[in-house]
Amino acid sequence: MAIVLHSSPLLWTRVAALVFSCVAFSVAVHGGRLYHGTGDWCIFCWAFSFAGTLLVFLVELFGLQTRAPVSWKNFPITFACYAALLCLSASIIFPLYFLKGSSSPNETRDFRIVSTVFSCLATIAYMSEVSISKARPGEVAGYMATAPGLLKVCETFLACIIFVFISDPVVYERHHALRYCMSVYCICFILSAAIILLCVGEFTGCLPFPFARFLSAYALLAVVLYLSATIIWPIFNFDPKHGGNKDRPYGCSSMMGLCVWDKLMAVAVLTAVNFLLYLADLVYSTRLVFVSA
């Protein structure tokens, strides 16, 4: 089996991502003394990113792209985008839970600072990989290397974070309007994830309808649904007329991590951000239909 190794910015970016993510989780496991479930999430983010990048690196090193059971035009950049978002989330969550107000020994704190720094470096490396791999104007590339494909990754990732905040503790069962918002998050997440799987698995040609038109129709539906959720969620969580609380509780300032009010606000912000992402997705998808026509 021939080894194919061509020096390029993409290669060295992946090597950097491998090293940075490996150091981040190794140092955290060795001396970080992670006692909270959030630490397990951060370790997963770094370890998963490292393992996936190593897999991509080995497949391309041994020239096995044609034997891979997925579309190699779509898989590497899709994974790199998810890895960038995972490492970014770990870079925010880890110091929030393990450095903010920490009374740990200096040695433990030093380990945690090192993990945070290398997590940020890994995030930059993965973002660089996405920037290098994404399609340029006029270039023939897989759907996931285009702007709408990368937006789908961001949309599903933000939805996953919303699910975490909205279910720990469960905050959507006290009113039907909040349950509606939860259904919006679920429907859009499932459809966006299905589109990603169809592209990575190269199953778009099996659909009984034009894929480009389906993308634009779905993007329009998602924009309408997320617009309604962007309006409804804050009203029923922060308006006193509907049992909400517009002022941040005093006790939130002394809590480690995020209190319930913080999580409700985070969901409101992430909902608005996802609405903007779906709006941009609609613009790109509509252009795709016209270009195809």
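Residues are numbered from 1 along each chain as its sequence is written. Because the model is predicted, local features need pLDDT of at least 70 and side-chain atom pairs count only at pLDDT 80 or more, while totals for chains, interfaces and linings use all residues, and side-chain values use heavy atoms, with hydrogens and water left out.

**The annotated spans**

Begin by selecting residues 75–99, one of the spans that an unreviewed UniProt entry marks as "transmembrane region"; such annotations may be inferred rather than shown by experiment. This span is 96% helix and 0% strand, with its end C-alpha atoms 35 Å apart. Next select residues 178–203, another span in that UniProt list, where the chain is 88% helix and 0% strand and the end C-alpha atoms lie 35 Å apart. Helices here are DSSP runs (H or I, at least four residues), numbered from the N terminus.

**The salt bridges**

Now show the side chains of arginine 14 and glutamate 60, which form a salt bridge with the closest N and O atoms 2.7 Å apart. Arginine 14 belongs to helix α1 (residues 9–31) and glutamate 60 to helix α2 (residues 37–61), so the pair ties together parts that are 46 residues apart in sequence. A salt bridge means a side-chain nitrogen of Lys or Arg within 4 Å of a carboxyl oxygen of Asp or Glu, and by this rule the count comes to four.

Is arginine 14 buried or exposed? Arginine 14 is buried, with a relative accessible area of 4%, whereas glutamate 60 is partly exposed at 24%; buried means under 20% relative accessible area, exposed over 50%, and partly exposed in between (1.4 Å probe, protein chains only).

Move on to aspartate 281 and lysine 152, whose salt bridge has its closest N and O atoms 2.6 Å apart. This pair links distant parts of the chain, 129 residues apart, with aspartate 281 in helix α8 (residues 260–292) and lysine 152 in helix α5 (residues 147–167). Both aspartate 281 and lysine 152 are buried.

Finally, select Val117, which lies in helix α4 (residues 106–133) and is partly exposed, with a relative accessible area of 44%.

Key
Helices (H or I, at least four residues) and strands (E, at least two) are DSSP runs, numbered from the N terminus.
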